[in-house]
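Let's take a friendly walk through this model. Have the sequence and the coordinates to hand as you read.

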Amino acid sequence: MAEFTKQDIGKLLAKQGILIAFAVFIVGFTIANPKFLTIDNFENVVRSSAILGVMALGVTFVVISGNLDLSVGSMMSFSTIVVLDLHDKLGPTLAIPAMFAMTLCLGAFIGILVGYLKLNSLIVTLGMLSAIHGLTLTYSGGKNIDIADKEGTWFAIFGQGNVMGIQTPILIFIALAALLGIILAKTPFGRKVYAVGGNGTAATFSGIRRARVVFLCYIMSAFCVATAGLIQASRSMGSQNTVGQGLELEVLAAVILGGASLLGGSGTIFKTVIGVLILGFIQNGLLLVGLDFSVQYVVTWVIIILAVWLDIAAKRGKLMSPIA
Amino acid sequence: MQAGKLSKYLKDGAIWGFIVFELIFFSVAGEFFSVSDKAFMDGDNMLLLLKQSAPIGIIAMGMTIVMVNGNIDLSVGAIYAICAVVLLDSMTWAIFEGLGNWVIPVAWCLALLTGVVLGAINGLIVWKTGVDAFIVTLGSMLGFRGLVFMYNGEQPTSHLNWTLVDFAEAQILGLHTATWFLLIVTAAIWFLMNRTVHGRNAYAIGNNREAAVNAGIRVGPHMMINFMIIGFLAALSAVVFYSESGSVNPNDGQLYELWVITAVVLGGTKLTGGAGSIISTFGGVIAIQLLRKGLSHIGADTSTVNLVIGLILIAVLFLDRQLNVKGKEELKV
């Protein structure tokens, strides 16, 4: 009987471990600082996580299909710089679609390399990280890009505006999460993504066009990155070339925290959102209790490894790895 | 059979062919575009090139072992930064005050020990938890960087010891100190991988972990030792570089993991493990440094270097796959 209960706890931890950890964190920080659990602070955290979150939504698709995307950080810098630059040249109405088109082209390029040519996604996106960074620097000439007339444009609406009292970045994040969540969970395409990531060969034999599914996953990722770049550009109205540097790893950390396996085939949009929020709340909570931002890195490290470890341990039924 | 041999030669020689191509290309292009009037294949320039390859090159040797093992280490840049901070800071500690110049070997040992310990932490987690090395080192890349910031905030750590700087800038038998370190490390790791049981086991584990376990190899400790080796080499790389420069920023070493992995992959090491050679990795390191130096020689800026290196990495991957294609066995999709 005792054995049975232990297994039950294991299963519960495996399935809902991340939610339990989230709850524990919120309770802990609330006790430490009453300001933590206020509507204002909550809104603050969600808004500041929105850019990371939007990117994580796209990367979730890529990870579930069994691939990686390390290029999202420099791609986000690219779209931010492009939309800011084109804003002054073409006006916002043309700049935004132009930026989306250019970012989607980059996504399509990666999609062709990984999907149709079947190259290793880690190396391809690593190469693209460097290449897109170079492209951004070439485009901007290494200079910071600023919008000349910051007052006389409606461009700020995506990052600073609000609709019915809710700030637009939050709205965009929620809307995109809902849309992509439905696509992943309820449509044939979503099921194909799981199938391809779970067992590519089996998926191929059952008539799924693996290459096309992977290609579309990278297109989705690029779309999300473009949206994140739009929010970032609109929030700051000016940007450096390196605005997205290092974000690829934070995004991946959020997706992994949400329980998606890097081997592919598992993970959901909802869990990724939780992963993003956990990262956001930890950052915010540690600052509110007066700790230095560097502590946040170390805490993130411990949490990522614990989360993945518990997940694996519950699946194999043993805490320690069977490696001799 | 003949075709197989040919493609093997092509693959093994590809990186050296690429280096020769780069040398010729930049020499010729340099005649037309160069901003300086010195030739690209100038002796001093080539010596400098070897010296500048040392920081990435030393770490790349360790990364080759880890990748042959079928693992990966993303935390090398952060380990590099921590060890640099330890090296420079420990020389100013009060307890070492009476040591005079003997503080140098002590500080070196402390920095190298730090690297080994951090590598051991990575290795132990990979061994005991069974979590993929990619995730473990992704986490520790953040965590170790956090430790750097906790140590000294966002301030640079600086300490110049002139005896040390003289040693680091010296040229022994015509080669810079850093170059000697690179060559010695390359030779040592080559010996380890090709002439010892440990090296054989590394290939065996990368090829087929199940079979290696059945053959009685203790996979866990083996991988942990490899992570300690790469930690040691990241520390050594920091020691070599910061002995000369004497000042470290908390953000130093960022993106080093990408450069190192690029060099190793250019050298033909497989991400899936089981294949890779130290000599080719050395070629990969030289090829990247040549490219950076050559492009700046003909007046291109860093943005072009990033663009070109990224595209070359993808092109190499593509060519490698074309050479490795199994023909009819390949599943048509």
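## A covered helix in chain B

α12(B) is mostly covered, with 17 of its 20 residues buried (20 or more other C-beta atoms within 10 Å of a residue's own, the C-beta atoms being placed from the backbone). This helix, residues 278-297 of chain B, reaches 28 Å from its first C-alpha to its last, close to the 28 Å expected at 1.5 Å a residue (1.5 Å times one less than the number of residues). Just after α12(B) comes G299(B), which takes a positive phi of about 90°.

## About the model

This is a predicted model: local features need pLDDT of at least 70 and side-chain atom pairs count only at pLDDT 80 or more, while totals for chains, interfaces and linings use all residues. Residues are numbered from 1 along each chain as its sequence is written, with chains lettered from A and ligands numbered from 1 in the order in which they are written.

## Chain A as a whole

Chain A has 13 helices and 4 strands (DSSP runs numbered from the N terminus: H or I of at least four residues, E of at least two). Its C-alpha trace spans about 70 × 55 × 35 Å along the principal axes. Of the 324 residues in chain A, 51% are buried.

## Where the chains meet

The contact takes 44 residues from chain A and 45 residues from chain B (C-beta atoms, placed from the backbone, within 7 Å). On the side of chain A that touches chain B, α5(A) gives the most, with 14 residues.

Note on methods
Two residues are in contact if their C-beta atoms, placed from the backbone, lie within 7 Å. A residue is buried if 20 or more other C-beta atoms lie within 10 Å of its own, exposed if 12 or fewer, and partly exposed in between; C-beta atoms are placed from the backbone.
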